[in-house]
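Look at the sequence and structure first, then read on.

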Amino acid sequence: ATATMAPFSTDLEDVFISVKTTRHYHHSRLPAIIGTWFQFAKEQTWFFTDRDDPYFQNQTNGHMINTKCSSSHNRRALCCKMSVEFDKFLESGRKWFCHFDDDNYVNVPRLLKLLDNYNPREDWYLGRPSIPTPLEIVRQGADSSKRSQKVRFWFATGGAGFCISRALALKMIPVAGGGKFITVGDRIRLPDDVTMGYIIEHLLKKQLTVVEQFHSHLEILKFLNKDTFHDQVSFSYSKGSRDDWNVVKIDGFSVRDDPKRFRSLHCHLFPQASSCPHR
Ligand code: UDP
Ligand code: MN
């Protein structure tokens, strides 16, 4: 990119995108990503899973990482994956760490445009909380003589995606690097995204910058205005009981061919994409 007006020019190569997944979801969730936004960030995106999978290893040009973490949906297993994601980012030398779930659609050009507004040499934690007030937890003192303390902090919802600048990540190394993220998670016994908020906001005293353009399926996605889709960084979906899906409202492929609406969204945002119908 040319550095004319923009203070920071974020290229795709500056970003490390991690997608958390699990063996049970490879076939049900990864194709919707690989067929759409992954095509715009093939070299930058890595899937963190819990089993070797030759089929998807091939589909992603070797971008599946077996974390060797447990494949159960418990707090420890999820913190284990986040820990490996974080350490791989550090190893990568890139400027930005952006985490997503395997039910996220990432609007890649919009993500780069967002990051352009922030200096990766400064401390940045960008994301969107899903609760209206900061989380309040009670931390027990290290020994009986120490009193318990109330701790309040914000955290970015992992299911909407969040980004951390390299400068901040480097400051996190003493508490969270080299697998220590898991130790912190064990100590506070909270999920991975909450642990991330605890480390950054409480331990390092750096504030979350709220970015409304990250979206998880904790929101009612049909309420997102189609005219603003270009401006959103991430989307998601979830399947409720029977066939009622929480999805973005967008015309395009049939609900049968595209229940998650990712392909329709992709073709709405990028009509020229090769997987989209051309006139
Ligand atoms: N996940 C995982 N191991 C599991 C279950 C889920 O790594 O045993 C990952 C999953 O791939 C996804 C995230 O955790 O990226 C959230 O899972 P899901 O969407 O099923 O649940 P949610 O918390 O969003 O309701
Ligand atoms: Mn989910």
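Counting bonded cysteines along the chain, the disulfides follow the pattern 1-2, 3-4, 5-6. A disulfide here is a pair of cysteine sulfur atoms within 2.5 Å. The model is predicted: local features need pLDDT of at least 70, side-chain atom pairs count only at pLDDT 80 or more, and totals for chains, interfaces and linings use all residues. Residues are numbered from 1 along each chain as its sequence is written, chains are lettered from A and ligands numbered from 1 in the order in which they are written, and side-chain values use heavy atoms, without hydrogens and water.

**The bonds**
- The whole structure holds three disulfides.
- C69 bonds to C80, with S to S at 1.9 Å. The torsion about their S-S bond is about -80°, so this disulfide is left-handed.
- C98 bonds to C163, with S to S at 2.1 Å. Their link has 110° about the S-S bond and is right-handed.
- C267 pairs with C276, the sulfur atoms 2.1 Å apart. This link is left-handed, with -90° about the S-S bond.

**Burial**
- Buried means under 20% relative accessible area, exposed over 50%, and partly exposed in between (1.4 Å probe, protein chains only).
- C69 and C80 are both buried.
- Both C98 and C163 are buried too.
- C267 has a relative accessible area of 16%, so C267 is buried.
- C276 is at 4%, so C276 also counts as buried.

- C79 is in no disulfide. The nearest cysteine sulfur belongs to C80, 8.9 Å away.
- C79 has 0% relative accessibility, so C79 counts as buried.
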